[in-house]
Amino acid sequence: MPDLRSLLSDGRVHVLDGAMGTMLYDRGVFVNVCYDELNATRPGLVEDVHGEYVRAGAEIIETNTFGANPVKLSSFRLEERTGELNRLAAEIAVRAAGGRAAVAGAIGPLGIRIEPLGPTSREEARDYFGRQVDGLLEGGVDGFILETFADLVELEQAFRAVRDRCDLPVIVQVTVGEDRKTTTGASARQAALAAMEWGADAVGLNCSVGPAVVRDGLEQMAEITTLPLAAQPNAGLPRAVGDRKMYLTRPDYTARYARHLIDAGARLLGGCCGTTPDHIRLISERVAAIQPRKTSVRVTRDVLPHAAAHPAPPLAERSGLGRRLATGEFVKSVRVLPPRGWDTTALVEDCRALAAAGAHVIAIHEDRGGARLDVLATASVIARTCPGAEPLVHYTCRDRKLPRMMSDLLGAAATGLHNLLLLTGDPPGPGPYPDYRSVVDIDSIGLTNVVTGLNTGVDPSGSEIGGSAGLVTGVALNHTARDRERELGRFHWKVDAGADFAVTQPVFDAAQLRGFLAEIEQRVPVIAGVVPLESARQAEFLQNEVPGVHVPDRVVERMRRAQARGAGRAAAEGVEIAREILGELQGEVAGIQIAANRDAVEAVLGSTP
């Protein structure tokens with residue numbers, strides 16, 4: 001059974017549930033009904049909602065007790081049943097979880113002002129919260145979520161009420177408006193500082209305006225705390241539809257924003273008002289694609305020497321890229337996209353020109369968002385028609401089962417395609433198939449382990465495959481990751497799994513990459529991603545809307561000034577910035593991988609050693 005404390009301490013990203021009230025309303029429960037009383041009058045309905053969230057992928061579910069404190073219950077003359085209703089809610093949630101999810105007791109604000117903003121003393125408030133905590137503990141919760149608080153003084157009383165009674169983990173969450181502050185004027189930063197002072201186990205934001213505002217608040221929190229961060233945004237702003245207020249933000253948008261929230265530091269992701277099991281299912285898939293929770297294959301380097309049928313050939317003998325990496329020759333790689341359709345004439349022409357300009361490697365980027373020629377087929381064409389450069393296949397794990405990946409990898413080796421950049425892959429964006437669900441069988445770390453085995457002549461089961469596959473394995477490195485410790489840990493796992501080299505995200509700040517590389521304990525050759533900017537608009541887009549890419553303000557401003565002098569000047573400035581970055585990285589990286597139009601690529605290649 002998942003344990004809330006271990007989920008908070010394992011360094012991974014976990015999924016919370018979504019709205020309870022939204023789901024109950026959609027099932028015909030009117031807003032004038034006490035939703036907390038449903039734990040006694042309609043327990044089956046509440047249990048069904050919990051069950052839907054568990055099936056959608058929630059690892060932590062909250063009890064139906066947001067308003068189950070004696071103050072709010074008194075509006076329905078139910079204050080004397082505070083302990084009972086909370087106990088029943090906890091029992092229902094535990095039953096619905098069925099050992100597949102942890103259960104957190106949900107506690108919301110009292111709905112009254114406490115001192116110094118109101119007549120209720122702090123001691124009285126703590127007593128009110130304590131009656132709710134007693135019932136939840138009796139029902140068997142694994143911990144607590146104190147959520148949607150705007151007053152830090154009131155939130156502290158709720159926290160103290162829990163700590164007076166138990167040492168179970170406590171997640172504290174505040175809600176902020178469009179100004180990124182609570183209604184009492186507290187900032188997300190202040191909430192994080194308070195949570196650390198109290199001794200909370202995690203801190204975050206819920207409800208609020210929507211994912212974008214929550215992201216901003218998390219970034220503030222991440223600057224001053226190492227506590228796990230939680231994010232449960234609303235499904236955007238409610239809109240008037242007839243006589244109802246409805247949340248119309250699509251589940252796929254909320255799920256896409258999960259990546260932004262993780263990049264901002266979120267370790268716990270879920271939803272609040274307006275979110276449903278559909279939102280949580282897509283968030284769960286996004287989290288799985290970024291960080292799969294289960295790996296079907298786990299081949300480790302510790303056991304490979306015992307199972308190896310053949311010694312892995314030296315890196316220098318596997319491919320031209322392997323030779324350059326092994327000897328320290330500076331690698332010049334250019335990234336291209338496979339064509340739409342089957343005609344490769346234009347692509348071949350471009351690749352030949354790039355090889356003539358000095359490119360050693362043509363990296364074929366796998367764009368899974370549209371109908372393009374398969375990367376392996378594209379690489380075969382390039383290998384046959386561009387003798388001056390060899391292909392590097394960007395190969396993603398998403399939407400491929402292990403047997404399919406094994407066939408692809410063996411096919412690559414059989415056809416002379418020896419260079420691979422292994423990527424987990426992002427889930428798809430919105431498209432014409434709303435019911436489509438992405439699949440991640442194993443991630444890039446697991447697949448790197450598999451390739452290491454193939455290079456010693458065995459498959460994941462230990463069966464011989466008839467000799468070494470002779471593959472050169474690259475992995476991704478995100479030097480801009482907000483959760484630096486997690487990214488460093490994942491990179492070390494990739495190296496342990498057998499990675500031969502790494503390719504970074506686009507570099508626009510050489511000092512940032514140097515700082516990251518200085519923290520790496522286990523090194524492999526690192527190839528820097530380079531994107532010569534074409535316009536100020538592109539710079540602003542990359543800075544604000546592309547996760548994993550950091551464009552400093554000074555670079556954006558340079559592009560704006562150049563743009564003011566003309567589009568051609570902006571493109572030339574982008575090339576100059578790329579050249580300057582390469583100059584700063586000399587001696588720090590093993591090569592570059594350029595992604596840009598042909599003219600810009602040739603201009604940058606002309607300035608490399």
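Helix α17 (residues 402–414) packs against helix α18 at an angle of about 45°, and their axes lie 12 Å apart. That angle makes α17 oblique to α18, since angles under 35 degrees count as roughly parallel, over 145 as roughly antiparallel, 65 to 115 as roughly perpendicular and the rest as oblique. The axes are lines fitted to C-alpha atoms, for helices over the stretch in contact, and the angles run from 0 to 180 degrees between N-to-C directions. The crossing of α17 and α18 is right-handed; a crossing has this hand if the near helix is turned clockwise from the far one by less than a right angle, and is left-handed if the turn is anticlockwise. Leu-402, Met-405, Met-406, Leu-409 and Leu-410 of α17 meet Leu-447, Val-450, Val-451 and Leu-454 of α18, where contact means heavy atoms within 4.5 Å.

The model is a predicted one, in which local features need pLDDT of at least 70 and side-chain atom pairs count only at pLDDT 80 or more, whereas totals for chains, interfaces and linings use all residues. Residues are numbered from 1 along each chain as its sequence is written, and side-chain values use heavy atoms, with hydrogens and water left out.

The protein chain as a whole contains 24 helices and 18 strands. Both are DSSP runs numbered from the N terminus, helices being H or I with at least four residues and strands E with at least two. Of the 609 residues of the chain, 56% count as buried; buried means under 20% relative accessible area, exposed over 50%, and partly exposed in between, with a 1.4 Å probe and protein chains only. The chain exposes about 24700 Å², of which carbon and sulfur atoms supply 49%. These accessible areas come from the Shrake-Rupley method with a 1.4 Å probe, and for residues only the protein chains shown count as cover. Among contacts between residues at least 6 apart in sequence, 78% join residues at least 24 apart.

Two strands pair if DSSP finds at least two bridges between them. Strand β12 (residues 361–364) and strand β13 (residues 390–396) run parallel and are joined by four bridges, and Ile-364 has Val-393 of β13 as its bridge partner.

Helices α21 (residues 536–545) and α22 (residues 553–564) pack at an angle of about 160°, with their axes 8 Å apart. The two helices are therefore roughly antiparallel to each other, and the crossing of α21 and α22 is left-handed. On the α21 side the contact is made by Ala-536, Ala-539, Glu-540 and Gln-543, and on the α22 side by Asp-553, Val-556, Met-559, Arg-560 and Gln-563.

Strand β10 (residues 266–269) runs parallel to strand β1 (residues 14–15), with two bridges between them, and Val-15 stands opposite Leu-269 of β10. Strand β7 (residues 229–233) also pairs with β10 in the parallel sense, over three bridges; here Leu-229 stands opposite Ala-266. Strand β3 (residues 102–107) is joined to β4 by four bridges, and the two run parallel. In this pair, Gly-105 stands opposite Phe-144 of β4. Strand β4 is mostly covered, as seven of its seven residues are buried.

Two residues deserve attention for their backbone angles. Most residues other than glycine have a negative phi. Thr-148, which is not a glycine, has a positive phi of about 65°. Thr-148 belongs to strand β4 (residues 143–149) and counts as buried at 17% relative accessibility. Arg-180 likewise has a positive phi of about 65° without being a glycine. Arg-180 is placed in the loop between β5 (170–174) and α9 (188–198), and is partly exposed, with a relative accessible area of 26%.

Finally, Asp-216 is located in helix α10 (residues 211–222). Asp-216 is partly exposed, with a relative accessible area of 24%. The C-alpha atoms of Asp-216 and Ala-264 are separated by 8.0 Å, while the two residues are 48 apart along the chain.
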